[in-house]
Amino acid sequence: SYLPGVVGTRAMAIDADGAPHYIYAAAENDDKSIHIRLAVFTDGAWEITDLADHLLVEAELIIDDDGVHHLAALRSDNDNTLLYATDAGGVWHFQEVATEVNLHLTAKPELLADGSVQLAFRSGSGLWRTVIAPPVNR
């Protein structure tokens, strides 16, 4: 099924039911801006959710057993900020994880046994790891 307005796909994951979930950049004709959206193909149609109004240049997406999205993304700005986002609790929340992160993410978010999320990334000449506590409103 056709999805109009896509400028570039940033990440993709398949859920337990086999439905594709895409994080993509969309161009808006009226204001010529770029918006980041989530598109999920279910029941023969695309369900679209607006996520952010800034450009994400790299992204990795996973979906946990509860259907919750976990997104690691690099925001295109002066300091290349690594973001973690989730829709646990039904609302998308973004948080900054690190700045001055090198382009090209090297690892997807990884779910740990306690429900936290591990992110691995490169900043400068070093490799870094951070663990984000499980979302409170899960």
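Contact here means heavy atoms within 4.5 Å. On that basis, and setting aside residues up to four places away in sequence, L38 touches H21, Y22, I23, Y24, E47, I48, T49, L51, H69 and W92. The model is a predicted one, so to speak of local features takes a pLDDT of at least 70 and side-chain atom pairs count only at pLDDT 80 or more, while totals for chains, interfaces and linings use all residues. Residues are numbered from 1 along each chain as its sequence is written, and side-chain values use heavy atoms, with hydrogens and water left out.

Start with the sheet. Strands are DSSP runs (E, at least two residues), numbered from the N terminus, and two of them pair if DSSP finds at least two bridges between them. Four strands make up an open sheet, ordered β1-β2-β3-β4, with antiparallel pairing. At its edges sit β1 (6–14) and β4 (45–52), each pairing on one side only. From one strand to the next the twist averages 25°, with axes taken as lines fitted to C-alpha atoms and angles running from 0 to 180 degrees between N-to-C directions. Seven bridges link β3 (residues 34–42) to β4 in the antiparallel sense, and I36 faces A52 of β4.

Now the core. A nonpolar core is a set of buried Ala, Val, Leu, Ile, Met, Phe, Trp, Tyr and Cys residues joined through side-chain atoms within 4.5 Å; buried means under 20% relative accessible area, exposed over 50%, and partly exposed in between (1.4 Å probe, protein chains only). The largest such core has 18 residues, and I23, I36, L38, L51, L61, L71 and W92 have the most contacts inside it. At least two core residues come from each of β1, β2 (20–27), β3, β4, β5 (56–63), β6 and β7 (81–86), with β5 giving the largest share, four residues. In soluble globular proteins, nonpolar side chains tend to be buried together.

H69 belongs to strand β6 (residues 69–75) and is buried, at 5% relative accessibility. Its side chain makes a polar contact of 2.7 Å with the side chain of H21, and another, also 2.7 Å, joins the side chains of H69 and D87. A polar contact is a pair of N or O atoms within 3.5 Å; within protein, one must be able to donate a hydrogen and the other to accept it, and residues adjacent in sequence count only if both atoms are side-chain atoms. Beyond four places in sequence, H69 touches several residues, including L38, L61 and W92.

On to the aromatics. Rings of Phe, Tyr and Trp (its six-membered ring) pair if their centres lie within 6.5 Å; planes under 30 degrees apart are stacked, over 60 edge-to-face, and the rest tilted. That gives three aromatic pairs. One of them, W92 with F94, is tilted, at 6.3 Å centre to centre and 35° between the planes. W92 is buried at 17% relative accessible area, whereas F94 is partly exposed at 29%. Y22, F41 and W46 form one aromatic cluster.

Five of the seven residues in β10 are buried, and S123 is buried at 18% relative accessible area. Seven bridges join β10 to β11 (residues 126–132), running antiparallel, with F121 opposite W128. In the β10–β11 hairpin, which has two residues between the strands, G124 takes a positive phi near 65°.
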